[in-house]
Amino acid sequence: MPEIRRILVALKPAFAQSRMPELAVKVASEIRAEVEALLAEDSALQMAADLPFAQEILTTGARRSLSREALDLDFQMVARKLELRFRQLADPSGLRCSFRSVRGDPIAQVITAATEGDLVMLGLP
C-alpha cells in the first residue's frame, strides 16, 4: 500500500460547520500525514448575486437581498474561521497544516488540487 503523506480536505462554505476538520486531523495524526485544507467558493454564486432579483434564504427562513459584497464578506469570515480551526486542531499534534481558499468551479478546483494529495477527503455536513 502506498504511503499517504498529504491529505487534501476539500470543503465548500456551506459545509464549514461539518466535523471534517476534526476527522482529517485525527486521520493525519495517526498516519503522520500533512493536511492541506481547501475551501472552494463557487464563482457561479457570485454571478447570481449580480442579478437584481437574487435573494438569500437564511436558516431562520428570513430573506435578504443577495449581493456580491455580502457574499465576499461571508466567504472571508468562513475562510478565517476554518483556517483557525484547522490550525488549532493541528498545532497540538505538531502536524503540518496548510489552508487556502479559492474561487471558481469547485469541482475543477478540487480535481486540480487532488493531483497534489495522496488522499482526498470531501467535506459534507
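Arg63 sits in strand E4 (residues 63-65), a strand being a DSSP run of at least two residues, numbered from the N terminus. This is a predicted model, with local features needing pLDDT of at least 70 and side-chain atom pairs counting only at pLDDT 80 or more, while totals for chains, interfaces and linings use all residues. Residues are numbered from 1 along each chain as its sequence is written, and side-chain values use heavy atoms, leaving out hydrogens and water.

**Exercise 1.** Work out whether Arg63 is buried or exposed, and find its contacts.

*Solution.* 
- Step 1: Arg63 has 58% relative accessibility, so it counts as exposed (over 50%; buried is under 20%, partly exposed in between, with a 1.4 Å probe and protein chains only).
- Step 2: Skip the neighbours within four places in sequence, and Arg63 touches Gln55, Glu56 and Ile57 (contact: heavy atoms within 4.5 Å).
- Step 3: Now look at side chains: those of Arg63 and Gln55 make a polar contact at 3.3 Å (N or O atoms within 3.5 Å, one able to donate a hydrogen and the other to accept it; residues adjacent in sequence count only if both atoms are side-chain atoms).

**Exercise 2.** Say which element gives the largest share of the lining of the largest pocket, and sort the lining residues by type.

*Solution.* 
- Step 1: H3 gives the largest share, four residues.
- Step 2: The lining splits into eleven nonpolar, two polar and six charged residues (Ala, Val, Leu, Ile, Met, Phe, Trp, Tyr, Cys and Pro are nonpolar; Asp, Glu, Lys and Arg charged; the others, Gly among them, polar).
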